[in-house]
Amino acid sequence: MKHGSVSSGIQDEAPFRCVQGLLHVRKYNDAKNYAEQQVNAFTKTATQGKVSLCVALIQAAYATKDPQLQGQLKPLGALGINGLAKISQFNAIRQLSDKYGFALDESQGFYPCLIKGQQALTAATKSKSKEDYKKAADLLEKALKFPEAVRDNASTGQCHFQLGWCYLNMQEKIKAGQNYERAAAKMKTTNDERAPEALWNAFVMYRSVVKTNPRYRTTAIEMLDTLKRQFPKHPYARRADY
């Protein structure tokens, strides 16, 4: 199926078909080892084959009613969750979590912890509670400590951006500015369209503390200068000139 004469669509589906076959004959360790190689090699681009592979892993782990198999197959579910997260299919993870009733374990790595932080942030946005924003921030900060965070600038940038929002609502403006600044740096490397917004938000946060912390005046100006230099045609850059 990986031969050059085979269409790209069929090649894309090949890992999914292979894992399906291994699961069907109950070669769970072989399925795990093969799927691990595939997920580790994922790029950020989502394809139907990648999604199908990850969904198959999650279904194998959480759809079974056999209590003896549940523990054995749990690593497959973690692989599927990490794979979907690597290709930014966070909504799919939440939908599968609702469907199969599995709880994400923040101790299992960057992606489960990031998703739990995002879920907590959604709850905080509804409740407007500082305590809920702190809960979300704690999870997002924890996510950034996992080694996978260093290797995924897109998800790490998103995490910092969301942390900025958490700290803003906790009235911790300096931490908010620092996270928006870090978000902008990560987002710039992945051409994320929110990078200018992150820089602007960082500027606004730093500017808001200048009266009590004058040393942040220079940092605020640096954010504007970076915005105008990197994104000269963006509306935020034009606002910076006024």
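Pro196, Leu199, Trp200, Ala202, Phe203, Tyr206 and Arg207 in helix α11 meet Tyr216, Thr219, Ala220, Met223, Leu224, Thr226, Leu227 and Gln230 in helix α12, where contact means heavy atoms within 4.5 Å. Sort the residues of this contact and you get eleven nonpolar, three polar and one charged. For that sorting, Ala, Val, Leu, Ile, Met, Phe, Trp, Tyr, Cys and Pro count as nonpolar, Asp, Glu, Lys and Arg as charged, and the others, Gly among them, as polar.

A word on the source: this is a predicted model, where local features need pLDDT of at least 70 and side-chain atom pairs count only at pLDDT 80 or more, while totals for chains, interfaces and linings use all residues. Residues are numbered from 1 along each chain as its sequence is written, and side-chain values use heavy atoms, with hydrogens and water left out.

Helices here are DSSP runs (H or I, at least four residues), numbered from the N terminus. α11 covers residues 195-208 and α12 residues 216-230; they pack at an angle of about 160°, with their axes 8 Å apart. That makes α11 roughly antiparallel to α12 (the word is for angles over 145 degrees, on a range from 0 to 180 degrees between N-to-C directions). Their crossing is left-handed, meaning the near helix is turned anticlockwise from the far one by less than a right angle.

Now to the other end of the story, α1 and α2. Helix α1 (residues 8-24) and helix α2 (residues 28-40) have axes that come within 8 Å and cross at roughly 165°. That makes α1 roughly antiparallel to α2. Pro15, Cys18, Val19, Leu22 and Leu23 in α1 touch residues of α2, among them Tyr28, Asp30 and Tyr34.

Next, the rings. Rings of Phe, Tyr and Trp (its six-membered ring) pair if their centres lie within 6.5 Å; planes under 30 degrees apart are stacked, over 60 edge-to-face, and the rest tilted. By this rule the count comes to six aromatic pairs, including these two:

| Pair | Type | Centre to centre | Between planes |
|---|---|---|---|
| Phe161 and Tyr180 | edge-to-face | 5.3 Å | 80° |
| Tyr206 and Tyr216 | stacked | 5.6 Å | 5° |

Tyr206 lies in α11 and Tyr216 in α12, so the pair ties together parts that are ten residues apart in sequence. Finally, Trp200, Phe203 and Tyr236 form one aromatic cluster.

Methods
Helix = DSSP H or I, 4+ residues; strand = E, 2+ residues; numbered from the N terminus. Parallel < 35°, antiparallel > 145°, perpendicular 65-115°, else oblique.
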